[in-house]
Amino acid sequence: MKYMLLIYLGEAWDKMSVGERQEIDRGQKQLSEELTASGKLLGGSPLHPTSSATSVRVRDGNRLFTDGPFAETREQLGGYKLIDVKDLDEALDIAARCPVARVGTVEVRPVREGPPTS
């Protein structure tokens with residue numbers, strides 16, 4: 001079963017030193033290497049800050065572009081990992097092993113394959 005691990009970061013990340021951020025990044029890379037070696041990592045990347053984002057909406061045929069994220073929140077999407085594991089328990093275990101879970105949030109969400117069914 002495929003799961004998306006959505007990594008959210010907020011003020012705690014912003015208050016960390018560059019060295020502390022690099023240490024967490026090294027841990028994330030190490031986990032990615034382990035998951036790749038076991039065939040469980042399908043993809044993933046960190047994202048640039050929300051200040052580099054552009055939100056796109058189409059309303060009544062008009063394209064609307066807005067600088068920045070779609071919603072104001074305390075935490076912003078900072079990256080993702082796409083994994084293929086046997087079940088939710090294994091996905092939750094991997095999410096708990098993410099070093100960024102110590103300073104942010106890792107949301108685990110099943111990936112829907114095919115059209116909506118409800």
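## Terms and basis of the model

Two strands are said to pair if DSSP finds at least two bridges between them. Helices (H or I, at least four residues) and strands (E, at least two residues) are DSSP runs, numbered from the N terminus. In general, strands of a sheet pair through backbone hydrogen bonds, either parallel or antiparallel.

This is a predicted model, in which local features need pLDDT of at least 70 and side-chain atom pairs count only at pLDDT 80 or more, while totals for chains, interfaces and linings use all residues. Residues are numbered from 1 along each chain as its sequence is written, and side-chain values use heavy atoms, with hydrogens and water left out.

## The four-stranded sheet

Four strands form an open sheet in the order S2-S5-S1-S6, with antiparallel pairing. Its edge strands are S2 (41-46) and S6, each of which pairs on one side only. On average, neighbouring strands of this sheet are turned by 20° against each other, direction ignored. For such angles, axes are lines fitted to C-alpha atoms (for helices over the stretch in contact), and the angles run from 0 to 180 degrees between N-to-C directions.

Strand S1 (residues 2-9) pairs with S5 (residues 76-84) over eight antiparallel bridges. Within this pair, tyrosine 3 stands opposite isoleucine 83, and isoleucine 7 has glycine 79 as its bridge partner. S1 also pairs with S6 (residues 105-110), in the antiparallel sense and over six bridges; here leucine 6 stands opposite glutamate 107.

S5 is joined to S2 by five bridges, again antiparallel. Glycine 43 stands opposite leucine 82 of S5, and the bridge partner of proline 46 in S5 is glycine 79.

## The helix across the sheet and the nonpolar core

Helix H2 (residues 18-37) lies across S1, S2 and S5 and runs at about 20° to S5. Contact here means heavy atoms within 4.5 Å.

A nonpolar core is a set of buried Ala, Val, Leu, Ile, Met, Phe, Trp, Tyr and Cys residues joined through side-chain atoms within 4.5 Å. Buried means under 20% relative accessible area, exposed means over 50%, and partly exposed lies in between (1.4 Å probe, protein chains only). The largest nonpolar core has 18 residues, and those with the most contacts inside it are Leu5, Ile83, Val100 and Val106. Two or more residues come from each of S1, H2 and helix H3 (88-97), and S1 gives the most, with four residues. In soluble globular proteins, nonpolar side chains tend to be buried together.

Which residues does isoleucine 83 contact, leaving aside its neighbours within four places in sequence? Among them are Met1, Tyr3, Leu5, Leu35, Leu41, Ala91 and Ile94.

## The hairpin of S3 and S4

Strands S3 (residues 54-59) and S4 (residues 62-67) run antiparallel and are joined by six bridges. Serine 55 has threonine 66 in S4 as its bridge partner. The two strands form a hairpin with two residues between them.

Aspartate 60 is placed in the loop between S3 and S4. Its phi is near 50°, a positive value in a residue other than glycine. Aspartate 60 is exposed, with a relative accessible area of 82%.
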